[in-house]
Amino acid sequence: MHDSRAPRAPRDLCWRLLAASVGGYALCWMLFVACCVWLPFGKATVWYLTAQFAPLPFVGVLLWSFAARSPARALAVPAALSLAAGLVALAGGLR
Amino acid sequence: MNPLGKALLGLHAWGGLLFGWLLVPVFLAGSLAVFEPEIDHWLQPERSAPAFSRAAAVALAEAHLRRTAPEAAVWRIRLPTPREPTLGVAWGSDPRQLHEATLDAASGRPLRERATHGGHFFTEFHAELLAGSVGKWIVGAAGIVMLAALVSGVFVHHRLLRDFFVFRPWANRRRAWLDAHNLAGVATLPFLLMISWTGVVILAETFMPAATVMLYDGKPRANRAEVVKSFVRKPAGERAAMLPLDVHLAAAEAILGAGTVSNLLVRHPDDRNGLVQALRHVDDRLSAVADHVTLDAATGEIFGRQTEWNPMAYAYRAQVGLHVVHYGGPALRWLYFASGLLGAAMMAAGIVLFNRKRRQRVGATRGQRWLDAAGVAAVAGGALACLAFLYAGRLLPAALDARPGWALAAFLGAWGVSGLHALRRAADDAWRRQLLLAAVLALLLPLLDLATARQPLDALRLGVDLTAAALGLLLAGVARRCFAAGDELPATVALSAEGAR
Amino acid sequence: MNALLLPLAVILIVGGMACLAAGMTRTHALRGRPLPPAGTLARRRLAGGLLLVAALLPCVLEQGASIGPVLWTGLLTAGVLAVAGGLAAMGRPARGGD
């Protein structure tokens, strides 16, 4: 919590927090949407399947946001993944 | 430390500290919630615990409902169990909003208990901080940070495996705290991962409605309505005497298993289209799904039954079941209770460790005093608040207006006083005094129980009393040994002493 | 018979954890004791692992195939704490370890 990494600029920290919270939420939302569009099961089965994995994208993005070398990377990865999941969902919607 | 551990140190330390203030009380309340029925019983000393027969109890409940609410469209009966040895009856027109009463399970006599949130208070605080869906969002976020803190902890405390069994209470203070933090964390790691994960899964229904929006137009609980079969029909408006409910109970248990029915729901008693639904308990399975069977009230024929479930819903409810531990009997309940408290202790040790390190580095600055006070208020204050709630439950006059509100005020008030006290005292002094006060209150809880009893002492209340006393002893030991007066050396002295070692 | 399953599981798990601890160099180093040969340590760790796995059986017999493993995992926690607490209670070593 100090020495090598500590004097992280507050702005740096803000970006990472943004990536962790908004990035995690966006990724989870988009993954769920993609699952709902693509999974070939009944509605209830899809609902109960997605719900069981809800913590995964949040925790993954949170850890990534602080493990990433720079705030830009911290933001870029969840943004790119959310976009990808969104496109996959869109492709399914246009099918 | 490996590079990943270094990168995640800030998240582990600051994330753990800030959310730990919330997670310690949430874990404490969650551990208490494991024993919700027992605490319920303790908080309502009017409740009796006689030997009972389930069939006779159902007949008593039916007689009571026939006397007091013969015209009600819905009756509900909660059968007595060893953990909840009273008979619950409820009636009204909407199954979600019924009038309720509690009866003695052997005589059927109304128990006229005092108004209280009961043991459910701790469950509600645990799951939503008594703040509805806002609280669910906050606790959900805390659960996610908890999971991240656990994963990052494995990298930050990289010697966990090598130091697997190491606990050195004799070593210098900081090392002893670190040992305690690591040992409690490692020992309970599977439990903590499981309980945080499943907790977030449960709360995700509220804070992550993406699938609900996509599949059910955003209608909450529509998923549930799809997998839980509902067997209802309109009343015929034509009288037909209902078979006695104990006959229905026996018929339902022939299908669901002897001794397994926990609740009966009667719709339109004595109508030709009346129905009796029997719900099975979930005490013997991981998945918290209640099989149910619905019988024709007048003829006893089976109208509908559900003992098979959508497999994915069953798996999801297994995660819920893992979290709420209705299964597994006393062994699992006590393991959950102890593991939850150990999780809280692990986080408390982390908070103490963080503050001691930081205080040694920056001194007693204004900011550090706030951090210290918040730590004391989170841990000791949380325990004091829970104790204040229990004391209020027994000391407030039974007929007081808005009684549950006063008990809540005692809970929050104790917490506020703890925070103010912690701000005005040196850190270790505040820790010691508040933990000692909590210890004394916990040790005196059995006396309070005996002094304000309305019924002979039973196993349930005795269990609460003895557990409180044992925890009181533990707290007293921690207060005296870990925060002994004059123990904390000024930073410079401590540093030079460490150097000389 | 049934009433003995849980105590049996506890004994197996605490025994297993004790063997694991006795098979770790750190335990001996901290106590300032001479280190047993590597082969002995490995055998103790093996025995510890086997005892832990064996404890799964009474757990499953007592609580069934789905709840039994949960009980087993919970008992592992108790086992770690029992052994660590026991080692701590055996007192501080003559020469402060570490």
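## Strands, helices and chain contacts

In chain B, strand β4 (residues 261-267) and β5(B) pair in the antiparallel sense over 6 bridges, where two strands pair if DSSP finds at least two bridges between them. Helices (H or I, at least four residues) and strands (E, at least two) are DSSP runs, numbered from the N terminus. The model is predicted, and local features need pLDDT of at least 70, side-chain atom pairs count only at pLDDT 80 or more, while totals for chains, interfaces and linings use all residues. Residues are numbered from 1 along each chain as its sequence is written, and chains are lettered from A and ligands numbered from 1 in the order in which they are written.

Opposite B:Arg280 in β5(B) stands B:Val261. Strand β5(B) is also joined by 5 bridges to strand β6 (residues 292-296) of chain B, and these two run antiparallel; here B:Val276 has B:Leu295 of β6(B) as its bridge partner.

Strand β5 (residues 275-280) of chain B is mostly covered, with 6 of its 6 residues buried. A residue is buried if 20 or more other C-beta atoms, placed from the backbone, lie within 10 Å of its own, exposed if 12 or fewer, and partly exposed in between. In a regular strand the side chains alternate between the two faces of the sheet. In β5(B), B:Leu275, B:Gln277 and B:Leu279 point one way, whereas B:Val276, B:Ala278 and B:Arg280 point the other way, and all are buried.

Turning to the helices, the axes of α5 (residues 132-156) of chain B and α7(B) come within 9 Å and cross at roughly 145 degrees, the axes being lines fitted to C-alpha atoms, for helices over the stretch in contact, with angles from 0 to 180 degrees between N-to-C directions.

Chains also meet, and two residues are in contact if their C-beta atoms, placed from the backbone, lie within 7 Å. The contact between chains A and B takes 27 residues from chain A and 34 residues from chain B, and α2(A) gives the most to the side of chain A, with 9 residues. Between chains B and C, 22 residues of chain B are in contact with 22 residues of chain C, and the largest share of the side of chain B, 4 residues, comes from α12(B).
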